[in-house]
Amino acid sequence: MPDSRVRFTEQFFNRLDSLLSEERSASGEPSVTDFIVHELPRIRDRLAEDFEVNTMGTPDPQVRAYMAGGVLFPTIAVYASVDDDGDIHAFWLSIDRNKSADDTTD
């Protein structure tokens, strides 16, 4: 069975723009472009591979959540739904910018 088609909606990219700046900050905070290059391909691939297995249910039965550790962020959540044609529409994003306890140094 071929992978499903994953579409990232305008709402998704508007949310990304609200979470990250256009340019990488002087302190190294990732930019929108960094996210698109380093995080988005893996997210797209995982959603396309097996949407039901790689996501979890939400209170809304039409929406599922993909949650994983990322390259740039410790936790990323993407909310998506499937249309009648089987296309996946990723429409919302949450990013945890806090480093985990394992990432801290003394």
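In what order do the 5 strands of the open sheet stand? The order is S1-S5-S4-S3-S2, and the pairing is mixed. The model is predicted.

**View 1**

**View 2. The S4 and S5 pair.** Strand S4 covers residues 75-82, and strand S5 covers residues 88-96. The two run antiparallel and are joined by 8 bridges. Ala80 stands opposite Ala90 in S5. Strands of a sheet pair through backbone hydrogen bonds, either parallel or antiparallel.

**View 3. Two helices across the sheet strands.** Helix H1 (residues 10-19) lies across S1, S4 and S5. Its direction is at about 15° to S5. Helix H3 (residues 40-49) lies across S1, S4 and S5, and also across strand S3 (64-68). Helix H3 runs at about 135° to S1.

View 4. How many cavities of 30 Å³ or more are counted? The count comes to 1. About 40 Å³ of space lies in the largest cavity. Its lining consists of Glu39, Arg42, Ile43, Tyr66, Ala68, Gly69, Gly70 and Ile76. H3 and S3 are the elements that give two or more residues to this lining. By class, the lining has 4 nonpolar, 2 polar and 2 charged residues.

Conventions
Residues are numbered from 1 along each chain as its sequence is written. This is a predicted model: local features need pLDDT of at least 70, side-chain atom pairs count only at pLDDT 80 or more; totals for chains, interfaces and linings use all residues. Side-chain values use heavy atoms; hydrogens and water are left out. Two strands pair if DSSP finds at least two bridges between them. Helices (H or I, at least four residues) and strands (E, at least two) are DSSP runs, numbered from the N terminus. Contact means heavy atoms within 4.5 Å. Axes are lines fitted to C-alpha atoms, for helices over the stretch in contact, and angles run from 0 to 180 degrees between N-to-C directions. On a 1 Å grid over the protein atoms alone, a cavity is a set of points where a 1.4 Å probe fits but cannot get out, and a pocket is an open set with protein on both sides within 12 Å along at least five of seven lines; lining residues have an atom within 4 Å of a point. Grid points are joined across faces, edges and corners, and a volume is the space filled by probe spheres set on the points. Ala, Val, Leu, Ile, Met, Phe, Trp, Tyr, Cys and Pro count as nonpolar, Asp, Glu, Lys and Arg as charged, and the others, Gly among them, as polar.
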